[in-house]
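Open the model in your viewer and follow the selections below in order. Each stop says what to pick and what is found there.

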Amino acid sequence: MTAPRVWTRVVMAPALLLALAACAKNGERAQEAGAVAADAAVASPEGAFLAYEHVVQVQLEAAQIAPRIQQVAQACQNAKFGECAVLQVDQRSGEQPSGEVKVRIAPKGVESLIGLAGEGGKLQARNTRAEDLAQQVADTALTKARLEKEHARLLSYQDRGDLKIEDLMAITTRLSEIEAGVEQATKDAAQQRRRIDTQLVTMHFDTTSGQRSRSEIGEALSESGSILSTSVAFLIRAAAALLPVGVVALVMAWIVRVLIRRRRRKA
């Protein structure tokens, strides 16, 4: 091996290592940027009152559906990806198993939970929508403030000593109504805040298209016997129902034939 070739390899080897390292770093940065972009895609802008909802369709092997449903539900209950509450778990077995998990989770955990749901499977479809609650939040706050102001004014009237009994009773009744209204407005505000601070995620689990086709073929074959027996039974019933009609028709035809022969003989 000549000296120039040796020096060429010595120089090129570190350059290749540096290039590979740079590619790896760029890949990691791209993954980090993708994760940040995914989180940003579902994060409500600051000052906005958006209630996000996600609907995800995941296809898995039949044997993976039941364990995955339990895994997703447990991850939510254990707050693996942040604050989370399980709202619904639905699981159906059989030749075509399926299921559904509905949770309410903090925005930062949405992508991680969806990633867990689709791990080893196929994310068939995903739909994300947001409802603007700005008007509802404003209306609730305005209602609560108005009721609290009226409540304070009636309390000042109630302390007067020149009130009649009927006026005092009317004020007391109205105070009770206002307190109930304030309590309801507080509940509405809390529910609106919950919808804004957390996001609703519904994950549907279904078998793959190949398994579904095989299951449908097997189901059709298993049902072929019952379909055949049903068809034969229908034909037997139809023959039994038509038999008296056929007998009557034959008798009438024989009578007509006899009458025709007699007329011919007389003629």
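Select Leu 243, Val 247, Val 248, Val 251, Met 252, Trp 254, Ile 255 and Leu 259: they make a nonpolar surface patch of about 790 Å². A patch takes residues with over 30% relative accessible area and no salt bridge, joining like charges within 9 Å and nonpolar side chains (Val, Leu, Ile, Met, Phe, Trp, Tyr) within 5 Å. A salt bridge is a side-chain nitrogen of Lys or Arg within 4 Å of a carboxyl oxygen of Asp or Glu. Areas are computed by the Shrake-Rupley method with a 1.4 Å probe, and for residues only the protein chains shown count as cover.

This is a predicted model, in which local features need pLDDT of at least 70 and side-chain atom pairs count only at pLDDT 80 or more, while totals for chains, interfaces and linings use all residues. Residues are numbered from 1 along each chain as its sequence is written, and side-chain values use heavy atoms, without hydrogens and water.

Helices (H or I, at least four residues) and strands (E, at least two) are DSSP runs numbered from the N terminus. Trp 254 counts as exposed because its relative accessibility is 58%; buried means under 20%, exposed over 50%, and partly exposed in between.

Next, go to helix 5 (residues 165-197). Its 33 residues should span 48 Å at 1.5 Å a residue, and its end C-alpha atoms are 48 Å apart, which agrees; the expected span is 1.5 Å times one less than the number of residues. Buried residues of helix 5 include Ile 171, Leu 175, Ile 178 and Arg 195. Their cover includes strand 1 (50-60), strand 3 (98-105), strand 4 and helix 4 (134-158).

Is Arg 195 buried or exposed? At 19% relative accessibility, Arg 195 counts as buried. Beyond neighbours within four places in sequence, its contacts (heavy atoms within 4.5 Å) include Glu 53, Arg 104 and Glu 131.

Now select Ala 125 in strand 4 (residues 122-132). Ala 125 is partly exposed, at 39%. Its C-alpha atom is separated by 5.8 Å from that of Val 56, 69 residues apart along the chain.

Finish with the largest nonpolar core, of 21 residues, where Val 72, Val 103, Met 203 and Phe 205 have the most contacts inside it. Strand 1, helix 2 (62-77), strand 3, helix 3 (110-117) and strand 5 (199-207) each give two or more residues to this core. A nonpolar core is a set of buried Ala, Val, Leu, Ile, Met, Phe, Trp, Tyr and Cys residues joined through side-chain atoms within 4.5 Å.

Terms used: Buried means under 20% relative accessible area, exposed over 50%, partly exposed in between (1.4 Å probe, protein chains only).
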